[in-house]
Amino acid sequence: MGKYIFQRILIFIPTLILIAFFGYLIMELPPGDYVTQYASVQNARGNKMSEQAQETMRQELGLDQPLPGRFVAWFGRFIRGDFGNSFELNAPVKDIIFDRLGATLLVSTCVFIVSWGIGIPLGVYSATHKYSKIDNILTTLAFIGLGVPDFLIALALLMLTWSMTGQLLTGLQSTQYVSAPWTLPAILDLLAHLWLPVIAVAVTGIAWVMRVMRGNLLNELGKQYVTTLRAKGVPERTVVWRHAFRNALHPLIAALGQTLAFLINGFAITSVVLNVPTLQAVYLDATIKQDIPLASTILVLIGFLVLAGTLIADILLAWLDPRIRYT
Amino acid sequence: MNKRILFGLILLLLVSVGAVTAQGQYKQSPMLDADVTAGTLPPVDQRLPPKPVVVDPVDEVGTYGGTWHAMDGDDHLGYTSQTIFTDNFLKWNRDANGMRPNLAQTWEWNADATQLTVHIVQGIKWSDGQPLTVDDYLFWWNDLVNDPKIPLDPPDGTQFNGQLMQVDKVDDYTLHFTFPVPNPLFLETQSRGSYYSSNHFVPAHYLKQFDPKYNTAETTNDDLLARVSFDSHLHFPDMPTFQAWKVSQYTSGQLLVLDRNPYYWKVDSAGNQLPYIDHIEVKIAASGSNVAEQILQAAIAGQLDMQTRTIDIKDISTLLDNQDQGGYHVVMWNQGDFASPWLILHYDNKDQGLNDLMYMKEFRRALSESINRDQINQVVNLGLAKAHQFVLSAESPEFQSDAGKKVYNDWATSFAQFDPDGAKKMLDSIGVVDKDGDGFRDRPDGTKLDVVVDVPSSDQGTIDSMDLIKQDWDAIGLNTTLNVTAFTNIDQRILSGDVFIMAWPGAAAWGLISAPGAWTPVENTDYNMGGQLLGQWYQTGGKQGVAPRAGSALETLQKDYTDLIKITDPQERYAKLLEAYQLHIDEGPFSIGTVGDHPSPTIVKNNFHNVPPTGITASWDLGFPGSADPEQFYISS
């Protein structure tokens with residue numbers, strides 16, 4: 001087990017550097033650099049920038065070096081925790097990310113807990129009551145949940161609550177609580193806003209977890225060891241939860257690698273629609289505006305989380321299933 | 001008896017005089033009373049300059065207090081800057097017809113407009129109580145702009161053929177400017193929007209701590225630049241300001257809160273220190289979100305007190321339907337746009353064959369007359385705009401005389417009627433006919449003619465309009481392709497001489513003061529008429545860029561501009577300007593207009609007062625809503 005984990009971590013590091021390099025490369029691909037972009041923004045507002053001023057700015061930002069130089073300089077600072085300054089927002093990337101990390105993790109963790117917490121029991125129920133009336137209803141609902149995009153659900157909920165209460169639940173807080181200390185009213189206000197994005201995004205999550213759980217469990221329940229267990233007179237409860245369920249969990253655990261990245265990468269459009277200050281919306285914007293320090297930092301961060309998630313999933317699976325750790 | 005009455009009257013008089021003296025000459029917001037009583041803030045009379053600037057309210061003298069809820073598009077806080085950061089040397093009149101004294105109260109020019117002495121209001125204090133003097137302007141000019149290590153450019157109107165203006169201090173409140181060439185519009189050009197002199201008077205006493213020259217602990221310019229850059233200057237609650245409100249809280253991507261500046265230097269006609277409104281709360285739309293959508297939602301939910309800009313024309317009916325529920329009304333300001341989209345024809349293409357076509361007026365007229373402008377107006381703009389030729393904004397001062405109105409009308413209607421058959425005949429007459437039988441017209445020499453239009457992907461209205469124009473042009477046999485792409489990419493193509501026609505979303509221009517590049521190719525910018533390379537050629541004195549062809553109208557327009565900006569008498573300047581415009585009517589169109597003069601819906605809560613009925617929003621240079629004097633807006637309880 002120890003050797004297995006060590007091997008995994010050994011592959012982890014070069015992959016990370018590779019991701020960082022490609023992340024940086026992708027950001028460099030579009031024509032023009034930040035300075036041309038910046039100058040055109042200024043231009044549109046009637047403020048001109050001379051060629052000389054643009055050159056000075058390029059030097060200041062280190063954009064005049066060749067590509068390998070730009071990458072090495074950027075990566076060296078990156079691993080020291082200095083992510084540079086965002087071009088577009090005129091502020092340290094670190095601050096921008098940390099400012100949004102709270103809201104991002106809050107929403108996504110809630111989404112994660114709700115979708116797995118509700119999705120798994122529903123999936124198990126569906127599988128164990130195959131083709132019953134409730135299973136059919138749940139299946140229908142799950143397909144609707146998978147089919148309707150989360151931002152549409154968010155908009156529908158937004159309009160619904162607005163027409164019923166006159167409250168517009170965009171953002172995560174009422175303005176008087178932004179950056180205020182966490183008193184009880186502030187927490188209540190947060191909860192009053194939080195449920196909307198969480199439900200909107202979790203609907204898809206629940207549906208997905210439920211379908212995967214149902215399919216896998218059905219698969220396991222048809223296997224010979226289950227028949228053997230039942231023949232031996234093991235209670236159905238133990239058969240399902242202790243034996244079949246554990247095996248049916250594999251694909252979900254394997255998907256955990258993606259889930260961790262989803263925490264800071266999912267529901268970008270919902271964030272945009274609901275005006276929730278999350279990292280994904282910032283990432284989207286930074287990519288469009290070629291804000292290289294910001295966009296590549298977040299991209300590499302997402303890559304890092306996919307890797308870390310995969311690593312955790314690998315270790316969990318190895319723990320769950322002895323066959324894996326000895327191959 | 002009489003004596004006693006007289007005595008009583010005298011006593012009454014004395015008491016009331018005493019009361020007035022104790023109370024002081026000016027009144028202040030109750031919000032500040034506690035601080036003044038506690039002694040942490042000087043009384044209002046000491047905070048105001050000896051002669052404060054008096055602002056006449058639009059409708060009536062207001063009452064103090066309240067919070068103004070608004071929304072901004074992103075962390076650059078451009079809308080907010082346009083609202084509260086427009087105290088320049090001069091200020092636009094509320095109807096945008098000319099300018100009025102503001103920070104600069106009096107000034108003297110020499111005869112040929114090369115020397116200017118400006119007197120600013122004496123005794124203004126920064127929001128931290130420090131005096132504001134011309135040293136604050138000189139710090140910006142000497143320590144920021146003229147420091148080669150700091151990438152801040154001398155703004156428009158301060159540099160001529162590479163020669164900078166010279167600024168000298170006469171006394172604490174008087175500046176003396178010397179220009180290498182006549183520069184009669186200096187004060188006007190320096191008073192545009194929220195990014196000229198309002199941003200040039202900087203708090204030197206505060207900024208020095210971030211300047212590596214004065215503070216060795218600072219190793220980079222980042223801290224300094226972030227504070228003087230107009231798209232981040234509202235991020236710093238500790239930075240003093242001389243505008244009506246100061247920042248008290250900023251949370252990136254979420255919220256900006258402003259409080260009244262207790263040292264603001266203006267009073268109303270009744271002696272109340274302005275502003276009336278105590279706080280402004282600006283919700284910042286999260287990055288990447290659709291701000292028009294956010295504003296619409298917040299407006300109909302009654303969450304906005306006063307908001308202009310980025311309200312979609314197509315949303316007007318939704319806004320009007322929900323007026324009662326949201327407790328607001330919609331005031332129709334004007335966008336003052338001359339064209340949305342504006343088709344900028346390029347005469348600086350790498351392909352000389354395309355330039356040959358562009359220099360032929362028949363070709364340009366065919367392009368213009370084949371466009372069904374009414375259709376664009378009905379389909380894309382709900383019929384709320386006006387269909388006309390490319391022409392400068394009707395509100396420009398030179399168009400206000402009778403002669404001006406005539407020029408405007410002639411220009412707006414020139415070659416703007418829908419006449420596809422006439423357009424076909426014109427193309428036939430210059431040999432632009434189908435030579436290879438593929439159904440599309442070719443160039444006179446027989447090579448293929450592809451009409452490629454660069455369209456910015458950021459503006460849906462422009463894309464919709466261009467789809468219609470493509471149909472119109474295809475119908476007369478011009479093979480039209482729309483290159484819908486990011487603005488940055490178009491800018492690159494403009495500079496490399498690859499653009500034939502560009503569709504510019506919503507354009508506004510104001511004769512000589514705002515974006516003259518719209519009517520004469522003299523600006524080194526992407527919106528320059530005829531192409532940026534022509535403007536580059538003009539600005540660099542022929543060192544870079546592309547020259548207009550000898551004897552062409554474009555060359556004449558450049559020369560006209562050179563002469564016009566030296567004229568010191570406004571009336572003579574307007575007359576000459578109209579003469580220059582005449583060329584657009586006789587030889588034009590040089591670029592093509594579609595529809596313009598859109599209304600600009602402005603949301604005003606029913607208890608929000610003193611908002612003037614007119615305002616012009618398309619050009620940021622005009623400084624709206626700042627030019628409507630937000631310091632005299634008030635909220636009734």
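User: Hi! Which residues touch the most other members of the largest nonpolar core?

Analyst: Of its 220 residues, Ile298(A), Leu256(B), Ala299(B), Phe338(B), Ile344(B), Ala507(B) and Ala509(B) do. Such a core is a set of buried Ala, Val, Leu, Ile, Met, Phe, Trp, Tyr and Cys residues joined through C-beta atoms within 7 Å. Buried means 20 or more other C-beta atoms within 10 Å of a residue's own, exposed 12 or fewer, partly exposed in between, with C-beta atoms placed from the backbone. This is a predicted model: local features need pLDDT of at least 70, side-chain atom pairs count only at pLDDT 80 or more, and totals for chains, interfaces and linings use all residues. Residues are numbered from 1 along each chain as its sequence is written, and chains are lettered from A and ligands numbered from 1 in the order written.

User: Which helix gives the largest share of this core?

Analyst: Helix H8 (residues 184-221) of chain A, with 13 residues. Helices (H or I, at least four residues) and strands (E, at least two) are DSSP runs, numbered from the N terminus.

User: Switching to H18(B), which residues are buried there?

Analyst: Thr462(B), Ser465(B), Met466(B), Ile469(B), Asp472(B) and Trp473(B). Seen down the helix axis, they fall within an arc of 115 degrees (taken from the directions from axis to C-beta atoms), so they line one face of H18(B).

User: And what follows just after H18(B)?

Analyst: Gly477(B), which takes a positive phi of about 95 degrees.

User: What about H6(A), which residues are buried?

Analyst: Leu138(A), Ala142(A) and Gly145(A).
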